[in-house]
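User: Hey, I've never looked at this one before. Can you walk me through it?

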Amino acid sequence: MGEWESTPVNDKKQFLLNNNEVPSSIETLKELDKRVLEFLDMVKERYNKQNILVITHGGIIHSIHRVLGLKTKDINNLEMITIEI
């Protein structure tokens with residue numbers, strides 16, 4: 001997220017992120033989803049049919065849901081989520 005990291009989300013910021021209209025120092029949702037999809041592809045290739053543990057934050061979890069076409073839900077702190085890829 002660049003300079004917006006750890007700042008509160010407001011309507012304007014959410015609109016800009018959703019429409020890929022952000023300052024060049026900010027990672028767009030499209031760019032984030034591309035990076036997450038590349039990670040998931042690597043996981044499938046290296047760890048096919050194995051159980052692995054990934055520890056991350058809510059933004060990445062939401063991105064995983066988006067790129068896999070899963071329903072996005074609110075995520076609580078320290079919540080464990082199981083996803084099959």
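Analyst: At 35% relative accessibility, then, Arg66 counts as partly exposed. Keep in mind that this is a predicted model, where local features need pLDDT of at least 70, side-chain atom pairs count only at pLDDT 80 or more, and totals for chains, interfaces and linings use all residues. Residues are numbered from 1 along each chain as its sequence is written, and side-chain values use heavy atoms, with hydrogens and water left out.

User: Okay. What is the secondary structure of the protein?

Analyst: There are three helices and zero strands, so to define the terms: helices (H or I, at least four residues) and strands (E, at least two) are DSSP runs, numbered from the N terminus. Reading from the N terminus, the order is α-α-α.

User: And how much of the protein is buried?

Analyst: Of its 85 residues, 22% are buried. The accessible surface is about 6,900 Å², and 51% of that belongs to carbon and sulfur atoms. Those areas come from the Shrake-Rupley method with a 1.4 Å probe; for residues, only the protein chains shown count as cover.

User: Which residues of helix 3 are buried?

Analyst: Ile60, Ile61, Ser63, Ile64 and His65. The buried residues of helix 3 pack against helix 2.

User: At what angle do helix 2 and helix 3 cross?

Analyst: Roughly 80°, with their axes coming within 9 Å. The axes are lines fitted to C-alpha atoms, for helices over the stretch in contact, and angles run from 0 to 180 degrees between N-to-C directions. Helix 2 and helix 3 are therefore roughly perpendicular to each other. On that scale, under 35 degrees is roughly parallel, over 145 roughly antiparallel, 65 to 115 roughly perpendicular, and the rest oblique.

User: Which residues meet there, between helix 2 and helix 3?

Analyst: On the helix 2 side they include Leu29, Leu32, Asp33 and Val36, and on the helix 3 side they include Gly59, Ile60, Ile64 and Arg66. Contact here means heavy atoms within 4.5 Å.

User: You mentioned Arg66 again. What does the side chain of Arg66 meet in a salt bridge?

Analyst: Asp33, at 2.8 Å from N to O. Arg66 lies in helix 3 and Asp33 in helix 2, so this pair ties together parts that are 33 residues apart in sequence. Asp33 counts as buried, at 15% relative accessibility. A salt bridge here is a side-chain nitrogen of Lys or Arg within 4 Å of a carboxyl oxygen of Asp or Glu.

User: How many salt bridges does that rule give?

Analyst: Five. One of them joins Lys44 and Asp41, at 3.8 Å from N to O. Lys44 and Asp41 are three residues apart in helix 2, so about one helical turn separates them. Lys44 is partly exposed at 40% relative accessibility, and Asp41 is partly exposed at 39%. Another pair is Glu79 with Lys73, whose closest N and O atoms are 2.6 Å apart.

User: Switching topic: which residues form the nonpolar patch on the surface?

Analyst: Phe39, Tyr47, Ile52 and Val54, with about 320 Å² of accessible area together. Patches are made of residues with over 30% relative accessible area and no salt bridge; like charges are joined within 9 Å, and nonpolar side chains (Val, Leu, Ile, Met, Phe, Trp, Tyr) within 5 Å. Val54 sits in the loop between helix 2 (29–46) and helix 3 (58–68), and Val54 is partly exposed, with a relative accessible area of 40%.

Key. Buried < 20%, exposed > 50% of the residue type's maximum accessible area, 1.4 Å probe, protein only.
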